[in-house]
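Work through the exercises below with the sequence and the coordinates at hand. Each task is followed by a stepwise solution.

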Amino acid sequence: MPVTVNGMDAPVLSMASTRLDVQAPWEISGAKALVRVTGPDGGYADTLVEIQSVVPALGGGLGILRPSGDFDMNPAAFAAGNVVVFLAEGLGRVEPPPKTGMAPERASLVTAEVTASVAGLPATIYRAMLAAGQYYVVLGIPPGVPAGGQPVRLAVNGIATERTFTFR
């Protein structure tokens, strides 16, 4: 099922009976875009959508980067003082920009301002990037984060998202 945004091909990421997720081309600009979905019979449906530069969402915690350079893939071990890697979505433009529909050849840094807090305490953002078609946020868990379920809040250009993770 081909999809275009302002006439540019938009790769389909997933489909369901009432939902279609596509990668918006990096090249689009402006406040609105025309999305065209073409069916197998050649018929199409057009929808005018508003464009937002970022729509952040914090995904799962992948693991802990150890000072030795090792990667501990046990998010249940998250604790104050760790440097952790989280998956994210909707962090916006990156530099250098990848080619639309292609996984980037190397990691690209998010150009927007990214901030975070854990249990209400400011967290250090070491890197926010796009690599292999996925956004990653590398952040330091601040000292003083209590054990148990705590909110991790990510904001991109002031637009915030929050998820709860368990710390030990």
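**Exercise 1.** Among contacts between residues at least 6 apart in sequence, find what share joins residues at least 24 apart.

Solution. Step one: take a contact as heavy atoms within 4.5 Å. Step two: keep the pairs at least 6 apart in sequence; 48% of these contacts join residues at least 24 apart. Step three: note the basis of the numbers. The model is predicted, local features need pLDDT of at least 70, side-chain atom pairs count only at pLDDT 80 or more, and totals for chains, interfaces and linings use all residues. Residues are numbered from 1 along each chain as its sequence is written, and side-chain values use heavy atoms, with hydrogens and water left out.

**Exercise 2.** Determine what percentage of the 168 residues is buried, then classify Gln150.

Solution. Step one: apply the cut-offs for relative accessible area, where buried is under 20%, exposed is over 50% and partly exposed is in between (1.4 Å probe, protein chains only). Step two: 34% of the 168 residues count as buried. Step three: Gln150 is placed in strand β15 (residues 148–156). Gln150 counts as buried because its relative accessibility is 13%. Step four: with neighbours within four places in sequence set aside, the contacts of Gln150 are Ala119, Val145, Arg163, Thr164, Phe165 and Phe167.

**Exercise 3.** Examine the backbone of Ala119 and of Asn6: what is phi in each?

Solution. Step one: Ala119, one of the contacts of Gln150, has a positive phi of about 55° although it is not a glycine. Step two: Ala119 belongs to the loop between β12 (114–118) and β13 (121–131), and its relative accessible area of 26% makes it partly exposed. Step three: Asn6, also not a glycine, has a positive phi near 50°. Step four: Asn6 sits in the loop between β1 (3–5) and β2 (8–9) and is partly exposed at 37% relative accessibility.

**Exercise 4.** Is the peptide bond from Glu95 to Pro96 cis or trans?

Solution. Step one: read omega, which is near -5°. Step two: the bond from Glu95 to Pro96 is cis. Step three: locate Pro96, which falls in the loop between β10 (94–95) and β11 (108–110).

Technical notes
Helix = DSSP H or I, 4+ residues; strand = E, 2+ residues; numbered from the N terminus.
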